[in-house]
Amino acid sequence: MKMNLDRMDKRSINRCVRCGSCRTFCPAFQESGWESANTRGRIIVIKSLAEGSLEADSRVLDSLNTCTTCGICTDNCPAGVNPPELVECARRELVARGIMTASQKDLSRTIFQSGNTFGDRGDRLAWLRDRSRLSEKADYVYFVGCMNSYRYPETAARSWELLRRFGVSLLPSEQCCGSPLFRTGFDAGKLVDENTRQMQQMGIKGIITGCAGCYATLKKRYSSRFSVLSIPEFLSEHISELGLEGKALDITVTYHDPCHLGRHNGIYEQPRRVIEAICSLKEMKANRDAARCCGGGGGVRAGYRDLSLKMARKRLLDVPEGVDFIVTSCPLCIRNLRDAGACEKVIDLVDLVAMALAQKTR
Ligand code: SF4
Ligand code: SF4
């Protein structure tokens with residue numbers, strides 16, 4: 001099987017000089033120790049597939065599918081290679097030929113059949129108490145995402161309470177944004193089209209989301225006519241209107257940078273501005289562009305749970321002493337860090353904001 005090099009970025013593959021600098025950073029390699037599970041190894045695998053000198057067997061699939069697409073290798077590659085982009089491209093090439101893991105197959109079937117990552121047939125807006133106030137036309141919609149819709153409905157409701165004051169509405173029948181499909185090599189065009197149709201019908205100008213994966217996908221895969229804002233950006237622009245300043249909470253928290261908000265999109269300061277208005281912030285050992293991945297992204301949590309949780313446990317070692325909460329702004333990071341042992345100590349930025357507002361009204 002020879003992968004179609006025309007559809008791969010040949011120059012990017014050849015730019016890799018195999019220096020191995022990326023080995024130090026790759027969170028998957030740090031846990032597995034296999035050369036094929038580090039950035040350089042993955043690029044060698046991709047090059048060999050493209051040249052036709054390697055068959056796409058299960059070891060190849062494991063090599064390509066254990067990348068969380070965290071992007072720390074991109075930031076630290078002296079040759080300017082973008083490994084997660086190559087990995088996603090290779091996954092696409094293989095999936096197009098029907099070569100995929102059982103987990104990829106299951107995940108894609110689930111999303112295509114149900115419109116969400118959980119195969120949940122229940123009401124996506126079950127968390128919404130009063131639908132009568134939903135406007136059919138709006139400048140902005142809150143894009144909730146699968147995770148907050150079905151697993152963290154209280155965070156969805158709190159986000160909505162903050163956003164609706166500004167005239168933000170909701171899509172009548174939101175579908176998965178497509179992120180898990182794009183990350184794992186599938187074409188999520190149908191989902192993009194359906195969400196876009198609703199956005200156009202509502203006449204929106206922009207989208208606000210509290211999920212790092214949705215944010216990256218909405219920004220990269222949806223029409224550039226829609227502006228995309230993350231909730232940390234939105235909140236940091238409205239600190240005084242929301243009455244957040246004044247350090248309402250006498251607590252200290254740390255902040256975990258989700259890869260797809262931080263490294264992939266440069267959103268580092270906005271969540272910190274919101275936190276510092278509310279309480280004290282103590283940084284994690286590795287933060288901002290050096291932040292370690294939670295291990296959940298790129299389909300790794302779904303396909304390689306043990307490896308994913310090992311990465312999350314490693315990330316928890318970066319938490320400084322004496323903090324009350326680990327705050328983040330991605331439900332997938334929350335899920336993985338909680339499952340790795342941090343439990344209820346990990347909260348969404350919106351949950352912190354809700355605590356501060358409740359304290360003020362006491
Ligand atoms: S991807 Fe970059 S850092 Fe890694 S081996 Fe290739 S050139 Fe070196
Ligand atoms: S994106 Fe992250 S997990 Fe993937 S190869 Fe690079 S450092 Fe490793």
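The questions and answers below go from the helix to the ligands.

This is a predicted model, in which local features need pLDDT of at least 70, side-chain atom pairs count only at pLDDT 80 or more, and totals for chains, interfaces and linings use all residues. Residues are numbered from 1 along each chain as its sequence is written, and chains are lettered from A and ligands numbered from 1 in the order in which they are written.

Q: How many Å does helix α3 reach from its first C-alpha to its last?
A: Helices are DSSP runs (H or I, at least four residues), numbered from the N terminus. α3 covers residues 39-51, which is 13 residues. The expected span is 1.5 Å times one less than the number of residues. That expectation is 18 Å, and α3 is close to it, reaching 18 Å.

Q: Which elements do the buried residues of α3 pack against?
A: A residue is buried if 20 or more other C-beta atoms, placed from the backbone, lie within 10 Å of its own. In α3 the buried residues include Thr 39, Arg 40 and Lys 47. With contact taken as C-beta atoms within 7 Å, the buried residues of α3 pack against α1 (10-15), α4 (58-65), α5 (72-76) and α6 (83-96).

Q: Which residue follows α3?
A: The residue after α3 has a positive phi, near 85°. It is Gly 52.

Q: Which element gives the most to the shell around ligand 1?
A: A residue is near a molecule if its C-beta atom, placed from the backbone, lies within 6 Å of it. Ligand 1 is surrounded by 14 residues, Arg 40 and Cys 77 being among the closest. Three residues of the shell come from the top contributor, α3.

Q: Which residues come nearest to ligand 2?
A: The shell around ligand 2 holds 15 residues. α2 (27-32), α3, α5 and α6 each give two or more of them. The nearest are Cys 26, Thr 39, Cys 67, Cys 70 and Cys 73.

Technical notes: A residue is buried if 20 or more other C-beta atoms lie within 10 Å of its own, exposed if 12 or fewer, and partly exposed in between; C-beta atoms are placed from the backbone. Two residues are in contact if their C-beta atoms, placed from the backbone, lie within 7 Å.
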